[in-house]
Amino acid sequence: MESLAQDLATMVRTPLHDSHVAALREIGVERDWEAGETLQEYGKPAQTFHYVVDGGVEAVDPRTGGRYGDAYLGPTQFFGEISFLSAGKAMMGARCIEKSRIITVEREPMLELMGRIPEMSDIVITVFAARRRRLLESGEASLTLIGAEEDRKIRQIAAFAGRNRIPFRSLTLGEHEAEAVAHSCNIGAAKPAVIFGKYDVVSDPTPSKIAALLGLDMAVRDDRVFDVLIVGGGPAGVAAGVYAGTEGLCALVVEDLTIGGQAGTSSRIENYMGFPTGISGADLVWRGEVQAMKFGTQFAVPRRVRALERRDDGVFCATLDDGEEVCAKAVVVATGVQYRRLPIDRLEDFEGVGIYYAATDVEARYCRDTDAIVVGGGNSAGQAAMYLSRTARHVHVLVRGESLASSMSDYLLSRLEADPAITIHYQTEIAGLHGGDHLERVTVRDKAAGETREIDARAAFIMVGAAPNTGWLSGLVKLDNKGFVLTGQAVGRETPYETSHDGIFAVGDVRAGSVKRVASAVGEGSVVISKVWEFVQD
């Protein structure tokens with residue numbers, strides 16, 4: 001299956017061409033640096049691109065203050081990581097280990113140069129992405145989580161970081177390393193905690209605090225008026241971000257939880273063109289996010305739009321969940337749909353500690369050596385069952401109807417039926433949830449037989465229903481009776497993505513009548529930008 005990037009250890013490093021270096025000199029500053037001098041501090045905004053002409057630079061591990069692994073950069077190499085594209089905060093520092101000559105280029109002119117020289121951009125982006133992959137896979141990231149297996153808040157942060165491809169290491173309470181880290185941070189005996197770098201303990205940690213710590217929401221603090229505000233970071237929203245950037249539009253994508261949306265929870269997508277071996281939804285959309293950032297599109301996560309209004313001057317202003325406001329000349333609604341919450345007693349008690357709405361590697365670890373339950377009959381539920389069967393003792397798929405033929409792809413249904421680690425229970429539903437601090441058992445009801453049984457399970461995945469996220473539109477656009485946004489001919493518009501309100505467009509699953517597929521969402525997000533551009537230019 002395709003990964004999110006090339007393997008840094010095995011890829012052949014291609015240095016920048018002499019003409020690329022000459023272009024860097026034209027827009028940057030070339031000077032000598034002394035041994036021990038700091039190029040980049042971890043936790044500070046990554047605003048500068050550093051190209052080594054002579055000498056040597058090392059990446060600094062914020063947990064130890066020493067060199068990060070074998071990260072030595074010599075002549076013709078450059079320092080940086082994906083956070084440079086987003087103007088986020090550096091996840092590690094850099095310093096000279098000997099007298100060095102370095103070309104430094106500020107972020108904005110560097111992105112403009114990369115846009116003008118695609119061959120150069122290809123090299124830089126490939127290396128940046130490979131470095132992010134190494135950080136993700138090494139388990140040596142600057143963000144440390146202790147106690148995710150026991151604490152709901154830490155588990156939420158692990159899910160947030162994992163789905164947004166933020167590197168972190170997870171330590172289990174009771175193990176030696178967790179005790180050592182707790183002691184070094186002066187928090188006493190190991191307890192659930194979030195630590196950035198070596199000593200910085202995050203008090204009352206939340207995904208929003210982690211995003212702020214890493215600079216993932218810096219764009220919303222900008223007072224400028226964007227050309228287009230894209231609300232929703234699923235396939236449709238990210239595709240719109242890519243094409244907005246290529247058209248020269250100043251764009252901001254706001255996502256309330258995870259870049260990737262509902263598609264990002266899919267462990268394997270096999271029917272998306274161009275990926276014959278499949279790719280996870282999170283990796284697919286992360287590639288799109290990087291692509292969009294290359295063209296200057298900015299992202300803010302996790303930020304929820306609470307309300308939308310249009311000022312007298314025609315500018316749209318969105319109020320975020322913390323009261324901050326972002327404004328734009330046009331709005332693309334790409335908020336998709338979310339799985340419905342089932343009317344089950346104690347559901348809320350176990351959300352995050354046994355009840356989940358995504359099946360990624362973060363959640364899969366909690367299924368080891370226990371049964372897992374997947375509720376739903378769509379492709380996402382089927383892929384979740386296949387993925388969880390690798391770690392769970394057994395996977396039970398609960399389906400409300402008598403068949404999956406009309407809701408699940410045939411190739412996937414065949415695999416489920418052939419897998420001895422998976423059992424499909426038709427006309428079956430969850431009747432009860434049991435446990436203390438976390439889910440321990442689930443009661444299921446066979447409606448056809450009129451019988452109930454208990455399954456020892458620490459994880460149940462709810463993947464049913466499709467409720468559109470449109471309440472924040474504040475009545476500005478017309479919706480159908482299910483809450484989906486009406487567009488095109490249904491509201492007297494010429495193109496299928498225009499809503500009833502000038503300047504507001506809708507794409508992807510949130511649009512009434514759309515085909516609920518990743519490829520369709522990407523297509524709609526790509527096409528809509530031509531109409532957005534026309535509106536903004538008028």
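**View 1. Strand 21 beside strand 22.** In this predicted model, strand 21 (residues 371-375) and strand 22 run parallel and pair over 5 bridges, where pairing requires that DSSP finds at least two bridges between two strands, and strands are DSSP runs of E with at least two residues, whereas helices are runs of H or I with at least four, numbered from the N terminus. Ala372 lies opposite Val395 of strand 22. Between strand 21 and strand 22 the chain passes through helix 12 (residues 379-388) in a right-handed β-α-β crossover, meaning that, with the strands pointing away from the viewer, the path from the first strand over the helix to the second runs clockwise.

View 2. In strand 22 (residues 394-399), 6 of 6 residues are buried, that is, under 20% relative accessible area with a 1.4 Å probe, counting protein chains only. His394, His396 and Leu398 point one way, while Val395, Val397 and Val399 point the other way.

**View 3. Strand 22 beside strand 23.** Strand 23 (residues 422-426) also pairs with strand 22 in the parallel sense, over 5 bridges, and His425 is the bridge partner of Leu398.

**View 4. Surroundings of Leu85.** Leu85 touches several residues beyond four places away in sequence, including Arg107, Ile125, Phe128 and Met293, contact meaning heavy atoms within 4.5 Å.

**Notes.** Residues are numbered from 1 along each chain as its sequence is written. Local features need pLDDT of at least 70, side-chain atom pairs count only at pLDDT 80 or more, totals for chains, interfaces and linings use all residues, and side-chain values use heavy atoms, leaving out hydrogens and water.

Key. Buried means under 20% relative accessible area, exposed over 50%, partly exposed in between (1.4 Å probe, protein chains only).
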